[in-house]
Amino acid sequence: MSARFANSDPAHGFHDAAAIWRWGVVDRLTGRRRAAPPGPPAPRVEPDLVAIAAGDGAPRMTWIGHASFLLSLAGAAVAVDPVFSRRVGWLYRRYDGPGLLPDQLPPLAAVLISHNHYDHLDRRSLAAVPARVPAVVPRGLGRWFRRRNRRPVTELAWWQTVSLGGLEITLVPARHWSRRGVADFNQSLWGGFVVRAGEVAVYFAGDSAYFDGFAEIGRRFPGLAAAVLPIGAYSPAWFMERQHMSPEQAGQAYVDLGAERLVPAHWGAFQLTDEPLSEPIERLRAWWRRRRPAGRLCELAVGETAALEPLTARAADGRSTGAG
């Protein structure tokens with residue numbers, strides 16, 4: 001089956017069969033590729049269920065773990081790539097528990113799915129979310145939801161917007177790909193989301209390699225309160241850099257976006273590639289110390305909630321670190 005969707009730049013194609021064979025078989029047999037021991041997962045705290053349930057309109061987000069977040073803006077809550085399972089795709093075990101369980105979620109205005117890979121679209125996790133909750137997905141993925149009697153579902157192309165529960169939700173480009181089975185390569189689109197309520201907008205990258213699209217997203221959505229960027233699943237770099245960012249590339253993407261906060265995601269739960277679970281955040285901290293970009297590194301523990309009010313009290317030199 002031929003691919004239906006592609007990245008905007010022809011140079012952003014996926015690897016050919018020879019590269020996949022080298023990565024998956026040859027480098028393992030020759031010892032050039034070895035997965036590190038997983039090591040400790042991301043730290044975890046007990047969730048603040050009072051704040052999570054509050055419908056006071058204050059902007060905040062909670063890290064459920066990996067790429068899963070709960071976002072509350074203007075009193076409306078959305079779940080982004082919710083995954084609660086102990087294993088995804090039958091292959092990858094979870095080394096931490098989710099920061100929230102399905103029955104701890106507030107009433108949802110929408111569930112957002114960035115693409116169809118198993119660590120972002122998990123059938124068992126979605127089954128725990130009421131089927132009546134509206135779903136917003138990339139084009140081509142709606143059929144998966146409708147076959148499971150999940151309605152309503154809205155499919156978006158890049159730069160298209162839908163309004164739900166007082167929120168404006170826009171699908172934005174990413175440099176990635178899609179597949180769940182043998183014959184469905186790139187049969188559905190992939191992307192990130194910008195969720196806006198009034199003057200507050202938050203960007204979720206989903207999965208993406210580094211590309212010039214981050215600068216374009218920043219131009220179209222100036223003053224983002226937070227950019228949630230994936231920092232893990234990058235080793236070995238020669239193979240993974242076409243689909244995932246390194247921590248340093250995620251830092252550069254944050255600079256390109258011009259967001260107030262960098263919220264690291266996609267680390268500390270599943271060992272999808274060869275680096276240890278905690279290496280991504282250690283490398284990002286080191287990059288932040290070297291570069292000292294304007295804004296704030298908002299490093300959350302699993303289950304932690306961060307307020308997203310405007311950063312009006314920055315350090316004297318315009319640089320700040322820490323949560324919030």
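I started at strand E14 (residues 261-265), which is joined to E15 by 2 bridges, the two running parallel. Strands here are DSSP runs of E with at least two residues, helices are runs of H or I with at least four, and both are numbered from the N terminus. I looked up the facing residues too: Leu262 stands opposite Leu297 in E15.

Before going on, I noted that this is a predicted model, where local features need pLDDT of at least 70, side-chain atom pairs count only at pLDDT 80 or more, and totals for chains, interfaces and linings use all residues. Residues are numbered from 1 along each chain as its sequence is written, and side-chain values use heavy atoms, leaving out hydrogens and water.

Next I checked what packs on the sheet. Helix H8 (residues 279-291) does, touching E14 and E15, where contact is heavy atoms within 4.5 Å. The direction of H8 makes about 160 degrees with that of E14; axes are lines fitted to C-alpha atoms, for helices over the stretch in contact, and angles run from 0 to 180 degrees between N-to-C directions.

Then I went to His66, in the loop between strand E1 (60-65) and strand E2 (68-73). Is His66 buried or exposed? His66 counts as buried because its relative accessibility is 2%; buried is under 20% relative accessible area, exposed over 50%, partly exposed in between (1.4 Å probe, protein chains only). Leaving aside residues up to four places away in sequence, I found His66 touching several residues, including Arg94, His120, Ala265 and Trp267.

Conventions: Two strands pair if DSSP finds at least two bridges between them.
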